[in-house]
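Morning, everyone. Let me put the model up, and then we'll walk through it.

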Amino acid sequence: MSAPEELRYTEEHEWVATAAGGSFRVGITEYAQDQLGDVVFVELPEVGKQVTAGEVFGEVESTKSVSELFAPVDGEVAAVNSAVAESPELINSDPYGEGWLIEIRAEDPAVAEGLLDAEAYQALIAG
């Protein structure tokens, strides 16, 4: 499973990328989408919603199960990927690209440094 070096990761299998203006783009990892199987529905928050690190911000439903999505950082939802809401299979086909979920404007951008790096995430999933 790939875990791009430039991203940060959570133990709940979300990835975090630095986006424009100090925001963070969030999605689920290739490992997570592989475990889920075919994604058929995504529930995402509204732009402007406050999220708290470690708390649920949405759900991903697949043919196998429903999984909660957890915020990696505290902040405000700055953008939602409407393409994923309309075509949830983007999460399976391109989890690190077109399959991103939300962007969060973090209260403390430095907090992302405390997330797992690619090597630590690979060790986690190798388990």
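I'll take the sheet, then one asparagine, then the cores. Keep in mind that this is a predicted model.

Sheet to begin with. Three strands form an open sheet, in the order β4-β6-β7. The pairing is antiparallel. From one strand to the next, the twist averages 25°.

Look at β6, residues 56–62. β6 and β7 pair over 5 bridges, in the antiparallel sense. Take V56: its bridge partner in β7 is F70.

Next, N92. You'll find N92 in helix α3, residues 90–93. Its side chain makes a polar contact with the side chain of Q33, at 2.8 Å. Set aside neighbours within four places in sequence, and N92 touches Q33, G37, D38 and V39.

On to the cores. Which residues touch the most other members of the largest nonpolar core? F57, L101 and I102, out of 25 residues. Who supplies this core? At least two residues each come from β3 (23–28), α1 (30–36), β4, β6, α3 and β9 (102–106).

Stay with L101. Beyond four places in sequence, its contacts include V26, G27 and I28. V42, L44, F57 and L69 are also among them.

One last item. There is a second, separate core of 10 residues, including A3, W15, A17 and W100.

That's the tour. Over to you.

Notes:
Residues numbered from 1 in each chain as written. Predicted model: local features only at pLDDT ≥ 70, side-chain atom pairs only at ≥ 80, totals over all residues. Heavy atoms only, no water. Pairing = 2+ DSSP bridges. Helix = DSSP H or I, 4+ residues; strand = E, 2+ residues; numbered from the N terminus. Axes fitted to C-alpha atoms, helices over the stretch in contact; angles between N-to-C directions. Polar contact = N/O pair within 3.5 Å; in protein donor to acceptor, adjacent residues only side chain to side chain. Contact = heavy atoms within 4.5 Å. Core = buried A, V, L, I, M, F, W, Y, C linked by side-chain atoms within 4.5 Å. Buried < 20%, exposed > 50% of the residue type's maximum accessible area, 1.4 Å probe, protein only.
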